[in-house]
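Here is a short briefing on a single chain. Please look over the sequence and the model before reading the points.

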Amino acid sequence: MADQESDMEYSSDNDYEFEDYYNSGEDCDIEQIDPKRTDPEYFVYECLNVEEVEKLLNESVEKLSTQLQITPSLAKVLLHETRWNTAEVIERYRNNASNLLVSARIKAAAPPSVPAATSSAPQQSSPVPSTSSAAAVATAAVSSSSSSSSSSTATCSFLASVPSCSVNSAIPGTSSSSSSSSKAHPISSTTATTACCYRTQLCPVCVTVQSTDKFHALACQHSFCRDCWAMHFEIQIGQGISTQIECMEQRCDVRVPEDLVLTLLNRPMLRDKYQQFTFADYVKSHPELRFCPGPNCQTIIRSQDISPKKAVCRMCKTAFCFRCGTDYHAPTDCQIIRKWLTKCADDSETANYISAHTKDCPKCHICIEKNGGCNHMQCFNCKHDFCWMCLGDWKAHGSEYYECSRYKENPNIAHESVHAQAREALKKYLHYYERWENHSKSLQLEQQTLDRMRARINEKVMKGLGTWIDWQHLFDAATLLAKCRYTLQYTYPYAYYMESRKELFEYQQAQLEAEIENLSWKVERAETTDRGELENQMDIAEKRRTTLLKDFFPTEA
């Protein structure tokens, strides 16, 4: 009994020793693998809702407002103008606040100065504002004087509604012609407000004379009645314009502040639409934010890596390129895919004949319809194996180089006539377009194959011939096949426009296409294919795809 206890104690001590050895964390021989180096499509991002994005933007606004001692509304406009680059706003604001406000169209540009007449009398130069007073200058440049200081504090507006009789008093460097008399005969604030309300002014838009308290002016000093402003806002919002609403005066591009728009809009529906438009403008101007392009999806994707990589919305599962917002298109970069899609739209009528789903068997000439994604065809009549794309014998496609995907240009085309060159250009385009379109249709057909496979496996499971886990590798193979074919589809626009390293690219493209067709052939006959053989083909196809992306992944700045 004592021997058994000693054995148990010894065994227990050994376990602790081994546990300490494996959990010590001091093994420096294990190299940490960087996923950015092994996976060219590795991408870090997060999916946010509207409330989270509003909180994120408000934090940036409050941070800038605190640092520069300006109103939040002014900080929001400056961030929107500089694509939410806080460092740039701070640097430009401290160097020259006035120029920043003019470039952001918050403040009107100063009119060209007129040379003053020469005089023998000495003139006293006006003082230049120092950088320490930049906050006061900016606030005064974009704010009109209000009759009540408490109201301006509550709304945090950087452009308030003011009577035109006192619009210049808040801007440094401007003085009234009757400044000396105002000092000699001070007027109380109550008397000034009452006198101002009884003054009238002509609105240059509706040409009606109204009380000055019904007018609103921007920093450019252009004043209009509130009804004309409200009508102007409704028209602009109806056209989808929000943050870019400008002054109604001709040749004046000063922005209308958000606070003024919300103050004068009476209809709640119009106010909501305006706020939706402004929020969309803020998100679009932020380099780290992208709206999900999925239908009726409000998710916003955020990433600090501004690159053409694939982001997948967690709500609607829509995949898209984070840089340009269109369908994911690696290895083709954003600029080339735009050119390609534009060309395909322009030349769609020329390429209509390609959309036919039937071809004749090259041996027995019977009409064959393609009902799967694989390009390896077998005639049901004569059992001849051929390639759907080039109609060549499939045995020739089993060699090391997959020639079917390569376009062979005419080396003497530069010496041919203009008409011959145009025919050659069309021939080249149709070569790549046909393969682009073929892989797009193959993806759709392989989805049908997957649905049929799912139905057959469900039938087998119901009959007791295995479980869903036993057949899971078939779905993994079908998923990988779609992934590889999607990448291969977008290699053809890349090859059409590329000029350098074309031989290496075409070689890797051909290798990938050959392995994809082998995988597609095995997936369509998956129930009779050995599992080990299928998984081996999956590994080869994925390695071909990853190698091509590593060498040719878009790296545009």
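Predicted model: local features only at pLDDT ≥ 70, side-chain atom pairs only at ≥ 80, totals over all residues.

Residues are numbered from 1 along each chain as its sequence is written, and side-chain values use heavy atoms, with hydrogens and water left out.

**Whole chain**

- The chain has 19 helices and 13 strands. Both are DSSP runs numbered from the N terminus: helices are H or I with at least four residues, strands are E with at least two.
- Of the 557 residues in the chain, 40% are buried. Buried means under 20% relative accessible area, exposed means over 50%, and partly exposed lies in between (1.4 Å probe, protein chains only).
- The accessible surface of the chain is about 32,600 Å². Carbon and sulfur atoms hold 51% of that surface. The areas come from the Shrake-Rupley method with a 1.4 Å probe; for residues, only the protein chains shown count as cover.
- Among contacts in the chain with a separation of 6 or more, 59% join residues 24 or more positions apart. Contact means heavy atoms within 4.5 Å.

**Helix 16 and helix 19**

- Helix 16 spans residues 472-489 and helix 19 spans residues 531-552. Their axes come within 10 Å and cross at roughly 25 degrees. Axes are lines fitted to C-alpha atoms, for helices over the stretch in contact, with angles from 0 to 180 degrees between N-to-C directions.
- Helix 16 and helix 19 are therefore roughly parallel to each other. Angles under 35 degrees count as roughly parallel, over 145 as roughly antiparallel, 65 to 115 as roughly perpendicular, and the rest as oblique.
- The crossing of helix 16 and helix 19 is left-handed. In a left-handed crossing the near helix is turned anticlockwise from the far one by less than a right angle; clockwise makes it right-handed.
- Helix 16 makes the contact with His473, Leu474, Asp476, Ala477, Leu480, Lys483, Cys484 and Thr487. Helix 19 brings Arg531, Leu534, Glu535, Met538, Ala541, Glu542, Arg545 and Leu549.
- By class, this contact of helix 16 with helix 19 has eight nonpolar, two polar and six charged residues. Ala, Val, Leu, Ile, Met, Phe, Trp, Tyr, Cys and Pro count as nonpolar, Asp, Glu, Lys and Arg as charged, and the others, Gly among them, as polar.

- The axes of helix 3 (residues 50-68) and helix 13 (residues 268-285) come within 12 Å and cross at roughly 70 degrees. That makes helix 3 roughly perpendicular to helix 13.
- The crossing of helix 3 and helix 13 is left-handed.
- Val50, Val53, Glu54 and Leu57 of helix 3 meet Phe279, Tyr282 and Val283 of helix 13. The contact of helix 3 with helix 13 has six nonpolar residues, no polar one and one charged.
- Ile300 lies in strand 7 (residues 300-302). Ile300 is buried, at 0% relative accessible area.
- Leaving out residues up to four places away in sequence, Ile300 touches Glu46, Cys47, Leu48, Val53, Phe279, Val283, Leu289, Arg290 and Phe291.
- The C-alpha atoms of Ile300 and Cys47 are 5.8 Å apart, at 253 residues along the chain.

**Helix 4 and what follows**

- Seven of the 10 residues of helix 4 (residues 72-81) are buried, so helix 4 is largely enclosed by the rest of the structure. The buried ones are Ser73, Leu74, Ala75, Val77, Leu78, Leu79 and His80.
- Arg83 follows helix 4 and has a positive phi near 55 degrees.
- Trp84 sits in the loop between helix 4 and helix 5 (86-95). Its phi is positive too, near 60 degrees. Trp84 is buried, at 10% relative accessibility.

**Other loop residues**

- Gln221 is in the loop between strand 4 and strand 5 (223-225). Gln221 is not a glycine, yet its phi is positive, about 75 degrees. Gln221 is partly exposed, at 29%.
- The peptide bond from Ala330 to Pro331 is cis, with omega near 10 degrees. Pro331 lies in the loop between strand 9 (319-321) and helix 14 (334-346).
- Ala110 is exposed, at 69% relative accessibility. Ala110 and Cys220 are 110 residues apart in sequence and 9.6 Å apart in space, C-alpha to C-alpha.
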